[in-house]
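Please take a look at the structure below.

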Amino acid sequence: MRNSPDENLDISEGLEDVIASTTSIGYLDGQKGKLVYRGYDIFDLAEYSTFEETVFLLLYGKLPDRTELEVFNDKLVSYRPVMDEVLDRLAGTPCPCHPMSMLRSGISLMECIDETCQVAQDIEGKREMGIRLIAQMPTLTASIARILNNELPVPPDPGLGHAANFLYMINGELAEPLAEKIMDVSLILHADHGMNASTFACLVVAATLSDIHSAITAGISALKGPLHGGANEMVINILLDLHSQEDAKRYADEVIANKKKLVGFGHRVYSTIDPRAKILRQYAEDISIITGNECLFKIARTIEKRGIKAYGKKGVCPNVDFYSGLVYYCLGIPTNMFTPIFAVSRTAGWVARIVEYIEHNRIFRPRALYVGPEGLSYVPIDERE
Ligand SMILES: CC(C)(COP(=O)(O)OP(=O)(O)OC[C@H]1O[C@@H](n2cnc3c(N)ncnc32)[C@H](O)[C@@H]1OP(=O)(O)O)[C@@H](O)C(=O)NCCC(=O)NCCS
């Protein structure tokens with residue numbers, strides 16, 4: 001079916017405001033700056049929950065009791081290892097290669113060479129494989145960080161929780177309690193976020209009844225882009241280039257005077273400050289003081305204040321990326337690993353939403369309005385002008 005461009009059709013570029021499905025996993029209220037997972041406010045989850053418990057909540061729709069959480073934790077721990085052959089192949093990747101590309105390739109390799117990934121493609125099989133991927137993502141990501149740093153991967157420590165183990169596998173040493181708490185909170189904050197681009201990409205692939213590894217690689221691919229997950233890397237690079245609050249003022253004023261975009265600002269849905277940025281701002285301050293990076297925090301605050309003054313009235317405020325990069329930097333994580341960490345956490349939301357969607361599956365098939373030429377005659381190649 002083809003419509004004429006002259007017809008009065010509503011076109012929603014970027015599918016803005018188009019409702020493509022129902023969900024009971026979570027939502028964000030962009031005007032109130034609210035983010036909710038399964039009915040629980042993100043501020044409460046960040047304060048009282050753990051990533052493992054939040055993953056259980058996202059997947060099963062309720063907070064676990066003690067026994068359920070223990071069983072779930074044990075399962076995550078048992079699923080953490082990634083085949084040596086996958087890591088060896090990644091180590092042979094020609095450099096320089098972006099870690100998000102390595103992550104995407106790592107997931108594909110797992111599915112291709114690890115026979116235990118060949119599970120039943122029913123909903124339960126996909127959920128179980130999804131849980132395994134949630135558990136393996138930190139191992140894969142930390143191994144990539146170490147490979148890129150010419151170091152050997154550190155195997156997971158079954159005695160550590162998800163966040164502590166992740167930091168341990170990246171840095172090769174046990175994290176301080178504050179660092180562990182901050183990583184845990186950051187993983188909780190990034191776990192789900194409505195029908196964002198990467199989640200939608202996962203759903204588009206999953207709805208074809210493709211396997212879950214393929215769906216997750218689609219999510220990773222979408223998240224790689226600077227308009228989605230890549231902004232925190234850009235923010236920290238900007239902060240590191242500025243050496244004082246005076247520099248920060250000059251930088252922000254120049255961006256604003258030239259009506260350019262401030263990186264780490266703006267969001268398709270939030271027209272007020274992103275609640276995740278609000279939570280991370282406090283942790284960014286705490287960890288920056290402890291690690292001797294307070295100057296970076298002050299630079300960020302200076303840009304934030306000027307940015308809000310200039311752009312806040314039109315609803316452009318700091319988003320999660322504005323502070324997440326600073327937090328990761330203070331945790332000693334290499335800059336190029338910031339977006340992969342986002343993926344480590346978001347895999348939980350991707351899996352939860354994939355499983356939910358395919359229970360009532362319908363393949364995605366939007367339409368595009370054809371506005372190209374009509375009725376052209378084919379001209380043989382040698383006769384073309
Ligand atoms: C996130 C983002 C892609 C959302 O894009 P979007 O919903 O398509 O919004 P648009 O790019 O159409 O911008 C809408 C308006 O807000 C302004 N705006 C959006 N982001 C802005 C920013 N970071 N700084 C200044 N102004 C911004 C645009 O200039 C535009 O203004 P106009 O209507 O006067 O032309 C966009 O805000 C952006 O590019 N931000 C910077 C990158 C970033 O931080 N990404 C991480 C997101 S979590």
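Notes on the nonpolar core, the ligand and one asparagine follow.

This is a predicted model: local features need pLDDT of at least 70, side-chain atom pairs count only at pLDDT 80 or more, and totals for chains, interfaces and linings use all residues. Residues are numbered from 1 along each chain as its sequence is written, and side-chain values use heavy atoms, without hydrogens and water.

**Nonpolar core**
- The largest nonpolar core has 105 residues; such a core is a set of buried Ala, Val, Leu, Ile, Met, Phe, Trp, Tyr and Cys residues joined through side-chain atoms within 4.5 Å.
- Leu140, Met183, Leu326, Leu331 and Ile333 touch the most other members.
- Helix α16 (residues 338–359) gives this core its largest share, 13 residues.
- Leu331 is in contact (heavy atoms within 4.5 Å) with Leu167, Asn171, Ala179, Ile182, Met183 and Ile287, leaving aside neighbours within four places in sequence.

**Ligand**
- The ligand is surrounded by 17 residues (a heavy atom within 4 Å), and Lys261, Leu262, Phe265, Arg268 and Lys314 are the closest.
- An N or O atom in the Lys261 side chain lies 2.6 Å from a ligand oxygen.
- For Arg268, a polar side-chain atom is 2.8 Å from an oxygen atom of the ligand.
- A side-chain N or O atom of Lys314 is also 2.8 Å from a ligand oxygen.

**Asn165**
- Asn165 sits in helix α7 (residues 162–171).
- Asn165 is buried, at 1% relative accessible area; buried means under 20%, exposed over 50%, partly exposed in between (1.4 Å probe, protein chains only).
- The Asn165 side chain reaches the backbone nitrogen of Asp157 at 2.8 Å.

How values were computed
Helices (H or I, at least four residues) and strands (E, at least two) are DSSP runs, numbered from the N terminus. A polar contact is a pair of N or O atoms within 3.5 Å; within protein, one must be able to donate a hydrogen and the other to accept it, and residues adjacent in sequence count only if both atoms are side-chain atoms.
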